[in-house]
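Dear colleague,

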Amino acid sequence: MLGAAFHGVRVLDFSQIGAGPLCGMLMGDMGADVIKIEALSGDLGRRLGPPWLNGESVIAMSFNRNKRGIAIDLKKPEALAAVLRMVARTDILIESFRPGVMERLGLGYAALAAIRPQLVYCSVSAYGQTSPWRDRAGVDGIVQAISGLMSNIGIEGAPPCKVQVPAVDMTTGFLATLSVSAALRTAERTGRGEHLDVSMYNASMLLQSPALATY
């Protein structure tokens with residue numbers, strides 16, 4: 001634990017793989033009570049490997065410490081009702097489905113803000129909630145390529161090269177944590193939460209700020 005700055009704060013973490021789970025993990029590191037909510041098949045990050053430790057993905061474990069967990073079928077009415085009861089006592093929600101999925105499940109920001117007005121709702125996606133590319137798939141490597149980050153890596157004259165660590169996932173997770181922290185402070189002061197739109201594409205552009213400014 002990094003400290004107790006978020007002691008007493010409850011987080012529902014619906015996110016998968018890297019960026020969103022990192023945000024939830026950091027909140028847990030700072031004392032928040034983080035509940036990881038997964039489909040019965042599990043977070044897609046559980047399939048990342050090798051390496052494996054006792055059958056578990058080491059990568060998934062590295063993004064999900066300091067969390068409690070529950071597996072639930074969100075398409076069942078009784079499951080939705082259970083989640084809504086949890087939302088009524090939740091301060092932060094993190095999700096990383098494709099834009100529109102949470103709304104179809106009955107868990108969009110507008111529906112949940114009606115139950116919990118001070119809820120800070122953080123949507124992490126590849127290209128943003130309202131982008132023309134909102135429905136496109138995007139993981140760390142894809143976003144590195146499409147944003148031009150790969151063109152800044154490697155030896156001059158050689159083909160573009162992928163950053164060999166999940167730099168976009170990590171940067172997005174840090175940005176989400178910063179955004180959530182600021183929005184929580186505002187919610188505590190005003191009693192009103194907000195919907196945060198954090199995209200991997202924007203995080204990749206942030207990483208390239210010096211190169212873009214130089215250009």
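The peptide bond between proline 50 and proline 51 is cis, with omega near 10°, and proline 51 is placed in the loop between β2 and β3. This is a predicted model, in which local features need pLDDT of at least 70, side-chain atom pairs count only at pLDDT 80 or more, and totals for chains, interfaces and linings use all residues. Residues are numbered from 1 along each chain as its sequence is written, and side-chain values use heavy atoms, with hydrogens and water left out.

The bond from glycine 49 to proline 50 is also cis, with omega near 0°. Proline 50 lies in the loop between β2 (33–38) and β3 (52–53). Helices (H or I, at least four residues) and strands (E, at least two) are DSSP runs, numbered from the N terminus.

As background, most residues other than glycine have a negative phi, and most peptide bonds are trans.

Asparagine 54, although not a glycine, has a positive phi of about 55°. Its place is the loop between β3 and β4 (56–57), and asparagine 54 is exposed (over 50% relative accessible area, with a 1.4 Å probe and protein chains only), at 77%.

Asparagine 66 likewise has a positive phi, near 60°, and is found in the loop between α2 (58–63) and β5 (67–71). With a relative accessible area of 39%, asparagine 66 is partly exposed, a term for values between buried (under 20%) and exposed.

Yours sincerely
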